Amino acid sequence: MGLFTRDIKTMNDLFIHQLQDIYYAEQQLVKALPKMADKASDKQLKQDFLTHLDETKVHVQRLEQVFQMHGAQVKAVDCPAIDGIIEEADEVTGEVADKAVLDAALINAAQAAEHYEIARYGSLIAWARQLGRTDCASILQKTLDEEKKCDQKLTSLAEGKVNLRAAS
Ligand code: FE
Ligand code: FE
């Protein structure tokens with residue numbers, strides 16, 4: 001982002017830049033989610049990761065659609081924030097030997113990524129509306145709803161059984 005921030009002058013520039021940022025992040029998550037599913041022991045957690053992988057592939061496509069509707073080039077820019085979240089997840093989960101504790105760590109890592117996405121999509125939707133792009137906003141809203149649903153599923157799974165198992 002650093003080198004190019006001088007090119008962001010208007011809210012429209014900012015909107016496009018953050019679309020490029022989340023486009024990169026979604027692509028990285030398409031690569032990370034199968035690895036997280038592999039590491040998960042709890043069947044439901046594994047399935048939730050795979051379901052969200054399918055959703056994430058659609059998130060990538062929706063962003064391509066939004067770029068095109070807005071007349072912007074379909075392009076990704078590095079997102080050091082998601083790289084950091086994924087890197088930290090790799091580090092922490094690589095160190096956990098106990099399977100139940102590993103599941104708790106995986107949920108924690110996944111929720112960090114979901115919360116990042118929720119923050120980004122929330123702003124993108126508000127900016128799209130401000131720019132008169134309610135068409136783009138409604139597409140982005142579908143993704144935001146899925147990110148929130150995924151986050152809630154992870155919370156119930158952690159609180160419902162994974163944390164209890166990890167602590168026993
Ligand atoms: Fe996503
Ligand atoms: Fe997500």
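**Notes on the predicted model**

1. The lining of the largest pocket is made up of nine nonpolar residues, one polar residue and five charged residues. Here Ala, Val, Leu, Ile, Met, Phe, Trp, Tyr, Cys and Pro count as nonpolar, Asp, Glu, Lys and Arg as charged, and the others, Gly among them, as polar. The pocket holds about 190 Å³ of space, and of its 15 lining residues Q28, A32, K35, I86 and D90 lie nearest the centre. Helices α1, α3 (80-95) and α4 each supply at least two residues of this lining, with the largest share, seven residues, coming from α1. Helices (H or I, at least four residues) are DSSP runs numbered from the N terminus.

2. On the basis of the work: this is a predicted model, in which local features need pLDDT of at least 70 and side-chain atom pairs count only at pLDDT 80 or more, while totals for chains, interfaces and linings use all residues. Residues are numbered from 1 along each chain as its sequence is written, chains are lettered from A and ligands numbered from 1 in the order in which they are written, and side-chain values use heavy atoms, with hydrogens and water left out.

3. Pockets and cavities were found on a 1 Å grid over the protein atoms alone: a cavity is a set of points where a 1.4 Å probe fits but cannot get out, a pocket is an open set with protein on both sides within 12 Å along at least five of seven lines, and lining residues have an atom within 4 Å of a point. Grid points are joined across faces, edges and corners, and a volume is the space filled by probe spheres set on the points. The count comes to one cavity of 30 Å³ or more. About 40 Å³ of space lies in the largest cavity, which is lined by L29, L33, M36, A110, A113 and E114. Helices α1 and α4 are the elements that give two or more residues to this lining, which divides into five nonpolar, no polar and one charged.

4. Q28 is placed in helix α1. Its relative accessible area of 18% makes Q28 buried (under 20%; exposed is over 50% and partly exposed in between, with a 1.4 Å probe and protein chains only). Leaving aside residues up to four places away in sequence, Q28 touches I82, D83 and I86 (contact means heavy atoms within 4.5 Å).

5. Which residues hold the iron ion (ligand 1)? Its protein donors are E26 (OE), E26 (OE), H59 (ND1), E117 (OE) and E147 (OE), at 2.0 to 2.3 Å. Donors are N, O and S atoms within 2.8 Å of the metal (3.2 Å for Na, K and Ca); water is not among the atoms, so sites may look incomplete. The donor residues are spaced E-x32-H-x57-E-x29-E in sequence. E26 in helix α1 (residues 11-39) and H59 in helix α2 (residues 43-69) are 33 residues apart, a link between distant parts of the chain. E26 is buried at 0% relative accessible area, and H59 is buried at 0%.

6. A search of the whole structure finds one aromatic pair. Y23 and F67 form this pair, edge-to-face, at 5.5 Å centre to centre and 75 degrees between the planes. Y23 lies in helix α1 and F67 in helix α2, so the pair ties together parts that are 44 residues apart in sequence. Rings of Phe, Tyr and Trp (its six-membered ring) pair if their centres lie within 6.5 Å; planes under 30 degrees apart count as stacked, over 60 as edge-to-face and the rest as tilted. Y23 and F67 are both buried.
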